[in-house]
Amino acid sequence: MQQREEKQLEAAVESLISRVAHVKNALHSFIYKLENEYERLTWPSVLDNFALLSGQLNTINKLLKNEKTPSFRNQVIIPLLLSPDRDEDLAKLTEQRVPVFSHEIVPDYLRTKPDPEVEEQEKQLSVEAARIGPEVAQKQIQTLNKLCSNLLEKLNNPRDDRDSESAAIRQSKPSFNPADTNALVGAVAFGKGLSKCRPPGPVAPGHPGQGPMMSGGPTLQQVTIGGGSGQQAGMGGPVAPQQQGQPGKIPSSIKTNIKSASGSMHPYNR
Amino acid sequence: MEAPPVTSMPVTGGAVNMMEYLLQGSVLDQALESLLHRLRGLCDNMDPETFTDHELVYLLKGQQGNPFILRARRSLSHPTSPWHLRYLGQPEVGDKSRHALVRNCVDVAASHSLPEFLNEMGFRMDHEFTANGHMFRKGVMKIVVSKLSRILVPGNTENTERLSLSYLVELSVLAPAGQDTVSEDMRSFAEQLKPLVHLEKIDPSKQRH
């Protein structure tokens, strides 16, 4: 009987050690990823890591709940020998994390009671639970279950159902107004609605009936001055401005000779 | 000999003829935050860039035909930056299947004496407005979400009044002429912004009336 229990205990401890080693490795690689590759890290891969850890913790829980596992609460660990000297075997076993099996490490590593703060919180929770009574507690449990199942149902149902109801919500709140679009495009393209501050239209005030405006003002006139490579664009002789008989316009006397650049006009002629 | 009408001469800015591919839409104020979040997720990861610009549109009326339009833009948030002068041609009437508005585009930088220079050249300012908002980039695509305001007193950029309760959203690409794959990419990006905002090809000439 004792032997069977001992064997069970040993087997359980072995599997627990291996599971915990898995968790440790997963944590190790996750921390490494977070510290060194955080620029390339994407949210789905972080979620994957968390899922892995949660799965491993789940298996540990299952292992502990397993009926074959003897209750670890009944076992007591008593340190038999404490020494302030460095223990090489222990150091190797724990990957240099526990080099000395001394008085300082015992309260931490062999602890069986939870931390004082945690204990306090647990006490408060159990007091609270006792206070509200079993019926209320049962009702709360049922509400929680209902909420969770509703949420699961919504998440698991095909996307079409979700899209149709969200489309209905979106239609009632339009996010753009086509009339505004046209108004804005008109304003940017040709100043619709913007030219109010200036005299309206291309027509001189007082002569709305005039046809296309012929401005006597500075007009680009190309006047060819007789040949000569040395000639540059300059003020030519006064050419009579094209008076169009428009009282609103002051004909400018500035004549500009703008010649298209051609080979003969090269300034650095040889 | 008379110069040919200014507007019928081809406008090129240097060696390569650049075309601007454009899709436009708008978003109401209350949906702006969600649009900005979505754009932050979809676009290249850079610090969100806000801008405040003052744009003046200059017209040069030739003897006949449409007036020649130049757009001068300066940054109010970076007052020492150079001015930006842009020419936009008529939209190309290509096949209807092209998803974006395509027009010839010439951009140059200019010094701060640009308005006086344009006035001396004969251009007259037709209208001006201020735009402020956010700019995002994804590869070659540029997405601008801006709020347009009317300038109440000409020349005074402090005193402005919003044009509408929406923000203008523009998706544009500057590419050399002949690259039609660009509009496909733009369309698939625009799909991702639905239904918050519908980016589409809006022909400005149809808006005139």
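**View 1. Chain B as a whole.** From the N terminus on, the elements of chain B follow the order β-α-β-β-β-β-α-β-β-β-β-α-α, with helices (H or I, at least four residues) and strands (E, at least two) taken as DSSP runs numbered from the N terminus. This is a predicted model, in which local features need pLDDT of at least 70 and side-chain atom pairs count only at pLDDT 80 or more, while totals for chains, interfaces and linings use all residues. Residues are numbered from 1 along each chain as its sequence is written, chains are lettered from A and ligands numbered from 1 in the order in which they are written, and side-chain values use heavy atoms, leaving out hydrogens and water. Of the 209 residues of chain B, 44% are buried; buried means under 20% relative accessible area, exposed over 50%, and partly exposed in between (1.4 Å probe, protein chains only). Among contacts in chain B with a separation of 6 or more, 67% come from residues 24 or more positions apart, a contact being heavy atoms within 4.5 Å.

View 2. Shared partners join B:Glu20, B:Arg86, B:Arg103 and B:Asp107 into one network of salt bridges.

View 3. Take a look at the backbone here: A:Glu95 has a positive phi of about 55°, and A:Gln96 one of about 70°, although neither is a glycine. For comparison, most residues other than glycine have a negative phi. A:Glu95 is partly exposed at 47% relative accessibility, as is A:Gln96 at 48%. The side chain of A:Glu95 also forms a salt bridge with A:Arg97 (3.7 Å, N to O).

**View 4. A salt bridge between A:Asp115 and A:Arg111.** The closest N and O atoms of this pair are 3.8 Å apart. Both partners are partly exposed, A:Asp115 with a relative accessible area of 35% and A:Arg111 with 41%.

Notes. A salt bridge is a side-chain nitrogen of Lys or Arg within 4 Å of a carboxyl oxygen of Asp or Glu.
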